Amino acid sequence: MPGVGTKIVTDSHDYQSSFRGAKIELVVFGEEDFKARLTWVEFSNLHLLEVQEGLAHIAFISFAPKSVFVSFPTHFDRPPVWNGVELHLGDIVFHSLGECGHQRVTGPSRWATISLSAERLAKYGTLLADIELVAPSVGRILRPPASAATRLRRLHGKACRLAETKPGIVAHQEVARSLEQDLILALVECLAAEAVHV
């Protein structure tokens, strides 16, 4: 049964300690009070996180070295910038193991992560696409086909919306298994596609 949850954070220090598998240091701009919403779903093999932030900021992020992380913007009012590169809707950041980087946003933002073990990613790449999928030695920004990126974004959003509104449903074993399998397939499709590397 997956772990699911959502919380609203109004303290930037609490926010910085809320990320499983990543360390975040935040510099917030503006006079308003800090506010963010974190939603997570922990399936058997995948861990999802959706983040909604209310203020412009720079975040210095260090990912855990034992898991593979993929991140992507989910809505686009203002494009986020990862390590100096402006992201477009549909872009996916395929992080290296233990990668450190910075994200800059100029206003409210929404973004998501998916993490899994390197062993699982390799297994899924072989089984589903007959390729070796490993975390890159240096993080890359991928631009998979729009249909693949949209599918991944929608499935991630669906799982997180269920976690927020109907946690009992997403925690149901059969629903969780189906959602996780669909997400794995969509993730492999995005990472295995002939992508534009920025």
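In the second largest cavity, α3 gives the largest share of the lining, three residues. Before I go on: this is a predicted model, in which local features need pLDDT of at least 70 and side-chain atom pairs count only at pLDDT 80 or more, while totals for chains, interfaces and linings use all residues. Residues are numbered from 1 along each chain as its sequence is written, and side-chain values use heavy atoms, with hydrogens and water left out.

Now the terms. On a 1 Å grid over the protein atoms alone, a cavity is a set of points where a 1.4 Å probe fits but cannot get out; a pocket is an open set with protein on both sides within 12 Å along at least five of seven lines; and lining residues have an atom within 4 Å of a point. Grid points are joined across faces, edges and corners, and a volume is the space filled by probe spheres set on the points. Helices (H or I, at least four residues) and strands (E, at least two) are DSSP runs, numbered from the N terminus.

Back to that second largest cavity. About 40 Å³ of space lies in it, and the lining consists of Phe72, Pro73, Gly90, Asp91, Ile92, Ala149, Leu152 and Arg153. Two elements give two or more residues to this lining, β6 and α3 (146-165). By class there are five nonpolar, one polar and two charged residues. Here Ala, Val, Leu, Ile, Met, Phe, Trp, Tyr, Cys and Pro count as nonpolar, Asp, Glu, Lys and Arg as charged, and the others, Gly among them, as polar.

How many cavities of 30 Å³ or more does a search of the whole structure find? Two.

Next, the largest pocket, at about 230 Å³. Its lining has 18 residues, and those nearest the centre are Phe19, Arg20, Trp40, Leu48 and Leu49. The elements giving two or more residues are β2 (22-28), β3 (36-42), β4 (47-53), β5 (57-63) and β11 (109-117). Eleven lining residues are nonpolar, four polar and three charged.

Val27 sits in strand β2 and is partly exposed at 39%, where buried means under 20% relative accessible area, exposed over 50%, and partly exposed in between.

Finally, backbone angles. Asn83, not a glycine, has a positive phi of about 50 degrees; it lies in the loop between β7 (81-82) and β8 (85-86). Asp130, also not a glycine, has a positive phi of about 55 degrees, in the loop between α2 and β12 (140-143). Asp130 is exposed, at 67% relative accessibility.

How values were computed
Buried < 20%, exposed > 50% of the residue type's maximum accessible area, 1.4 Å probe, protein only.
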